[in-house]
Amino acid sequence: MKALLSAVIWIDLLACCWIIFQFPIIKTTTSNALAAIEDKFIRPELSDEERGHLESLKQRIEANQTAVMDCLTSARVGAISIGGILLIQNLALMAMLRTLKRAEPNSAGQSATGPLSK
């Protein structure tokens, strides 16, 4: 039982760490990428209609980026919260089992010594 609880606790810890490491450390923002594209790849002789179309696409890309980042942030916060709750639950269960194991008499009629003694 102890090994199973220890495994579940480690899985919870590793899952929380994996979620935390999903936050980007170094990332080119969408607005910086769009500005670089405009500077280096958009030809200056675009017509007003083409520039309007380009601005429309730029606004859609930025809106999509904002929506995706909001969803990802919410999902990460939720996942970390659930992982933390499971971790606390597992630690409490392990403490309760340890207390029950210490109070349980062994085959010689004495109470067990040490954590989770057999």
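Me: Leaving out residues up to four places away in sequence, which residues does Thr 30 touch?

Reply: Keep in mind that this is a predicted model. Thr 30 itself is found in helix H2. With residues up to four places away in sequence not counted, the ones Thr 30 touches are Ile 61 and Gln 65.

Me: And with which side chain does the side chain of Thr 30 make a polar contact?

Reply: Ile 61 and Gln 65 are the residues Thr 30 touches once sequence neighbours up to four places away are set aside. For the polar contact, side chain to side chain at 3.1 Å, the partner is Gln 65.

Me: Is Thr 30 buried or exposed?

Reply: The cut-off for buried is under 20% relative accessible area. Thr 30 has 16% relative accessibility, so Thr 30 counts as buried.

Me: How many salt bridges does the structure hold, and which residues form one?

Reply: In general, side chains of opposite charge can pair when their charged atoms come close. The structure holds 1 salt bridge. Its closest N and O atoms are 3.4 Å apart, and the partners are Lys 58 and Glu 38.

Me: Which helices does that pair link?

Reply: The two residues are 20 residues apart, and the pair links distant parts of the chain. Lys 58 is in the helix spanning residues 48–103 and Glu 38 in the one spanning residues 30–41, in other words H3 and H2.

Me: Why does Glu 38 count as partly exposed?

Reply: Partly exposed is the class between buried, under 20%, and exposed, over 50%. Glu 38 counts as partly exposed because its relative accessibility is 26%.

Me: Which residues make the nonpolar surface patch?

Reply: The patch covers about 330 Å². One of its members is Leu 14, which lies in helix H1, residues 2–20, and counts as exposed at 56% relative accessibility.

Me: Zooming out, what pattern does the chain follow along the sequence?

Reply: The chain has 3 helices and 0 strands. Read along the sequence, that gives α-α-α.

Notes
Residues are numbered from 1 along each chain as its sequence is written. This is a predicted model: local features need pLDDT of at least 70, side-chain atom pairs count only at pLDDT 80 or more; totals for chains, interfaces and linings use all residues. Side-chain values use heavy atoms; hydrogens and water are left out. A salt bridge is a side-chain nitrogen of Lys or Arg within 4 Å of a carboxyl oxygen of Asp or Glu. Helices (H or I, at least four residues) and strands (E, at least two) are DSSP runs, numbered from the N terminus. Buried means under 20% relative accessible area, exposed over 50%, partly exposed in between (1.4 Å probe, protein chains only). Patches are made of residues with over 30% relative accessible area and no salt bridge: like charges are joined within 9 Å, nonpolar side chains (Val, Leu, Ile, Met, Phe, Trp, Tyr) within 5 Å. Accessible areas come from the Shrake-Rupley method with a 1.4 Å probe; for residues, only the protein chains shown count as cover. A polar contact is a pair of N or O atoms within 3.5 Å; within protein, one must be able to donate a hydrogen and the other to accept it, and residues adjacent in sequence count only if both atoms are side-chain atoms. Contact means heavy atoms within 4.5 Å.
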